[in-house]
Amino acid sequence: MSAFRFEVVHASRRCGSRARVGRLHTPHGTVETPAFVAVGTHAAVKACTAQLAKEAGQSLLFCNTFHLLLHPGPATVEKLGGLHKYMGWHGPILTDSGGFQVFSLAYGSLAAELKGSQQKKGASSVLRTTEDGVLFRSYRDGAKVLLTPESSVQAQKQLGADIIIPLDELLGFHVTRDRLLSSFERTHRWQLRSLQEHRRNPRGQAMYGVVHGGTDTSLRARSTATLLAMGRGGEVGGSESEGEG
């Protein structure tokens with residue numbers, strides 16, 4: 001039996017409401033949902049120790065694969081015992097794919113996106129996006145890094161989080177319908193490749209898919225159905241625009 005299990009504790013009885021309270025069980029403990037999840041960008045919540053985070057009521061911490069990929073590197077974290085030992089945190093941990101931060105390099109801040117502002121030509125650290133993955137320059141030393149669905153999952157395996165996320169392509173808010181549809185198809189191909197890589201070596205982790213489709217509700221419904229057909233552990237809402245989950 002899987003160590004991951006979600007149970008509904010209470011569902012709203014109000015007409016039309018889908019609100020609910022639940023519990024997500026993981027190998028490192030239970031998360032009461034809905035939950036506020038603190039972000040430990042570099043595997044540390046700023047100005048807060050693991051013990052203080054626990055005392056503040058945190059049950060799940062989030063770490064950024066993008067930043068940890070560039071420094072100190074997944075191999076180093078794995079050598080030191082994985083994120084739980086590295087952070088001194090014994091509760092559940094979630095890592096993202098790194099895609100959000102990579103594509104943020106191309107689009108800038110959410111505020112700029114919504115205002116229709118554009119990055120200066122040549123300012124983006126994203127060099128190109130292909131079917132294989134996304135090539136970008138490290139903000140630390142300028143080195144070229146290729147992030148693929150497979151390499152993202154491999155990095156998250158080394159980091160050792162409980163819940164991992166497949167690589168997906170995030171778009172800016174102001175995109176054409178054709179660009180949205182093209183990205184929609186590609187991101188589900190990437191998510192399938194991510195899932196296949198995960199299943200080669202599960203390591204006791206669960207992978208949660210990311211719902212896509214921008215603000216198009218029909219596309220988001222189609223995305224949800226596609227992910228469910230893949231047989232993932234859960235779904236994460238996202239991709240209404242870059243910078244928004």
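Is T65 buried or exposed? At 1% relative accessibility, T65 counts as buried, where buried means under 20% relative accessible area, exposed over 50% and partly exposed in between, with a 1.4 Å probe and protein chains only. Please keep in mind that this is a predicted model, in which local features need pLDDT of at least 70, side-chain atom pairs count only at pLDDT 80 or more, and totals for chains, interfaces and linings use all residues. Residues are numbered from 1 along each chain as its sequence is written, and side-chain values use heavy atoms, with hydrogens and water left out.

**The chain as a whole**

The chain has 9 helices and 12 strands; helices (H or I, at least four residues) and strands (E, at least two) are DSSP runs, numbered from the N terminus. Of its 245 residues, 44% count as buried. The chain exposes about 12,800 Å², and carbon and sulfur atoms supply 54% of that area, as computed by the Shrake-Rupley method with a 1.4 Å probe. Taking contacts between residues at least 6 apart in sequence, 63% join residues at least 24 apart; contact means heavy atoms within 4.5 Å.

**Around T65**

Let's return to the opening residue. T65 lies in helix 2. Leaving aside residues up to four places away in sequence, T65 touches T95, D96, S97, G98, A155, Q156 and L159. With D96 there is a close approach to report: its backbone oxygen lies 2.5 Å from a polar atom of the T65 side chain. For reference, a polar contact is a pair of N or O atoms within 3.5 Å; within protein, one must be able to donate a hydrogen and the other to accept it, and residues adjacent in sequence count only if both atoms are side-chain atoms.

A155, Q156 and L159 bring us to helix 7 (residues 149–159), where they are among the buried residues, along with P149, S152, V153 and K157. Helix 7 is followed by G160, whose phi is positive, near 85°.

**The aromatic cluster**

Rings of Phe, Tyr and Trp (its six-membered ring) pair if their centres lie within 6.5 Å; planes under 30 degrees apart count as stacked, over 60 as edge-to-face and the rest as tilted. The count comes to 2 aromatic pairs, shown here.

| Pair | Centre distance | Plane angle | Type |
|---|---|---|---|
| F66 and F136 | 5.5 Å | 40° | tilted |
| F66 and Y139 | 5.7 Å | 35° | tilted |

F66 in helix 2 (residues 65–70) and F136 in strand 8 (residues 134–137) are 70 residues apart, and their pair links distant parts of the chain. Y139 lies in the loop between strand 8 and strand 9 (144–147), so its pair with F66 ties together parts that are 73 residues apart in sequence. F66 is buried, with a relative accessible area of 4%, and F136 is buried at 0%, whereas Y139 is partly exposed at 42%. Ring pairs link F66, F136 and Y139 into a cluster.

Finally, have a look at the open sheet formed by 3 strands in the order 1-2-3, with antiparallel pairing; two strands pair if DSSP finds at least two bridges between them. Strand 1 (5–11) and strand 3 (29–33) are the edge strands, each pairing on one side only. Strand 1 and strand 2 (residues 20–26) pair over 6 bridges, and R5 stands opposite H25 in strand 2.
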